[in-house]
Amino acid sequence: MTARIFAAVDIGASSGRVIAGVIDAGTTTLHVVHRFANGASAVDRHLRWSLTDLYGEVLAGLRALAASFPSVESIGIDTWAVDYGLLDANGNLLSEPISYRDNRTDAVIDDVHARVDPQAMYTVNGLQFLPFNTVYQLAAEQRSPDWGRAAHIVLIPDLLAYWLTGELRTESTNASTTGLLDVHTGRWATELFENLGISEKLFPTLDQPGSQRGTIRPEVVRFTGLSPSTVVTTVGSHDTASAVVAVPVSGTRFAYISSGTWSLAGLELARPVVTEDARRANFTNERGVDGRTRFLRNVGGLWLLQESLRSWAREGRQLELHQLLEEARGVGPSTKRIDVDDVKFIAPGDMPARISDAAGLSTSATPAEVTRCILDSLASAYRHTVHTAGELAGAKVETIAIIGGGSQNSLLCQLTADESGLPVTAGPVEATALGNILVQARSRGAAPSSLEEIRQTIAHTQLIQRYEPRL
Ligand code: LFR
């Protein structure tokens with residue numbers, strides 16, 4: 001059998017990649033063909049992404065892809081969730097999308113909750129309260145000059161897919177993070193739209209992972225050199241949904257932690273849990289591939305460390321991550337910890353000072369001590385979250401699967417095993433790209449049909465480390 005080739009455009013809050021996945025005799029091998037930086041910056045009084053630049057990087061990546069893998073069949077796109085761009089009636093982007101780390105929703109949250117009781121809202125959308133959920137961002141947007149001219153609200157991966165194919169849709173796993181999708185039916189929650197004074201028609205039609213979005217436009221063919229028959233396939237376009245496809249564990253008795261800028265920690269369930277206890281514990285029911293429920297919490301993530309490294313670099317201390325982690329291992333367990341979920345850590349800025357202040361560390365705390373405090377605090381938040389998820393869902397958890405970039409942080413993985421008393425599998429590092437690629441492959445007959453079989457293949461073919469709890 002000849003190898004089949006698929007590509008993932010995978011963009012996170014701090015970097016993006018175009019990755020080719022070569023599937024040969026059941027093994028998927030990934031090749032990164034293009035990497036680029038991402039980040040939001042202050043423009044016109046808001047923290048904005050540059051989607052125009054990101055699209056340029058996607059095109060450059062696709063050009064590199066065509067050069068090395070001309071027989072690529074299909075491309076899938078995933079990014080972070082909740083953010084969107086507004087298009088006018090001619091399909092033009094009205095302004096660069098505002099980042100979820102912007103503070104514009106502070107002024108509108110109470111107003112939204114006055115229109116829709118948060119308790120009632122949770123029974124409909126099942127979503128964890130986060131100040132940046134799209135529903136709050138749209139409430140702020142309703143006060144902006146762009147609002148009157150907006151004809152379409154387009155989530156970030158769908159915007160990139162629109163520019164590549166000309167087709168406008170809303171992918172459903174990502175739609176579930178807007179706060180406007182009915183968690184029980186998977187359709188738009190009409191009543192919420194009405195109560196918030198937002199027209200449901202602003203969102204393009206819902207689309208499911210595995211369906212064909214469209215073929216690439218002639219201009220894209222000309223620029224990239226890709227074949228005109230190349231398609232864009234809808235995948236779990238919420239990066240976390242794609243990542244959860246690629247956990248290397250079978251059965252139901254596992255928790256996952258998709259560890260990157262954020263840590264998304266929780267369970268995969270057949271049905272949502274929208275009890276008052278789940279709401280109070282701030283658990284979300286995001287939609288997964290194949291209509292599964294991702295019952296999880298956004299726990300603070302490596303953002304705390306990434307942003308600390310940036311602060312130290314601004315002070316002229318260029319620290320090498322590997323060495324810093326070794327030093328953090330050496331300083332031993334920290335007695336002082338932070339609440340990694342505190343909203344004061346969401347915005348960019350001087351993170352070491354905020355952390356030292358919150359933990360009560362001395363002003364002379366070294367970067368290694370701050371780092372150890374971050375990792376110990378994350379590990380105990382992971383333990384607590386996994387434990388609470390199991391209790392709320394009535395599920396037994398026997399293993400924790402850490403996937404994504406954080407799975408390479410062996411100190412964090414070991415601390416998680418120690419804190420939780422459970423074995424931890426770590427990897428694949430590129431879970432999101434693998435999940436993206438395998439959902440495309442499956443829709444074209446090049447990967448097994450059930451998520452369970454896909455996961456078994458991943459467990460057998462990808463690099464997975466194991467950490468046992470130490471007493
Ligand atoms: C992870 C992620 C989370 C989402 C956050 C903001 O990259 O997609 O799942 O809550 O970013 O969009």
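Modeller: Before we start on this predicted model, one cut-off: a residue is near a molecule if its C-beta atom, placed from the backbone, lies within 6 Å of it.

Colleague: Thanks! Which residues come nearest to the ligand?

Modeller: There are 13 residues around the ligand, and Trp80, Ala81, Val82, Thr240 and Trp262 come nearest.

Colleague: What makes up the shell by class?

Modeller: Six residues are nonpolar, six are polar and one is charged. Domain 1 (4-233) and domain 2 (249-427) each supply at least three residues to the shell around the ligand.

Colleague: How far apart are the centres of domain 1 and domain 2?

Modeller: Taken over C-alpha atoms, the centres are separated by 25 Å.

Colleague: Let's turn to the helices. Why are α13 and α14 called roughly perpendicular to each other?

Modeller: Helix α13 (residues 351-359) and helix α14 (residues 367-393) pack at an angle of about 65 degrees, with their axes 11 Å apart. Angles of 65 to 115 degrees count as roughly perpendicular, and α13 and α14 are therefore described that way. Their crossing is left-handed.

Colleague: What makes the contact between them?

Modeller: From α13 come Pro352, Ile355, Ser356 and Ala359, and from α14 come Val370, Cys373 and Ile374. Six of these contact residues are nonpolar, one is polar and none is charged.

Colleague: And why are α11 and α14 called roughly antiparallel?

Modeller: Here the axes of helix α11 (residues 303-314) and α14 come within 10 Å and cross at roughly 165 degrees. An angle over 145 degrees counts as roughly antiparallel, so the term applies to α11 and α14.

Colleague: Is the crossing of α11 and α14 left-handed or right-handed?

Modeller: α11 passes α14 in a right-handed crossing.

Colleague: Which residues meet there?

Modeller: In α11, Leu304, Leu305, Ser308 and Trp312 meet Pro367, Val370, Thr371 and Ile374 of α14. That contact divides into six nonpolar, two polar and no charged residues. Val370 and Ile374 of α14 take part in this contact, and Val370 and Ile374 are also among the residues that α14 brings to its contact with α13.

Definitions and conventions
Residues are numbered from 1 along each chain as its sequence is written. This is a predicted model: local features need pLDDT of at least 70, side-chain atom pairs count only at pLDDT 80 or more; totals for chains, interfaces and linings use all residues. Ala, Val, Leu, Ile, Met, Phe, Trp, Tyr, Cys and Pro count as nonpolar, Asp, Glu, Lys and Arg as charged, and the others, Gly among them, as polar. Domain bounds come from an automatic or database domain assignment. Axes are lines fitted to C-alpha atoms, for helices over the stretch in contact, and angles run from 0 to 180 degrees between N-to-C directions. Helices (H or I, at least four residues) and strands (E, at least two) are DSSP runs, numbered from the N terminus. Angles under 35 degrees count as roughly parallel, over 145 as roughly antiparallel, 65 to 115 as roughly perpendicular and the rest as oblique. A crossing is left-handed if the near helix is turned anticlockwise from the far one by less than a right angle, and right-handed if clockwise. Two residues are in contact if their C-beta atoms, placed from the backbone, lie within 7 Å.
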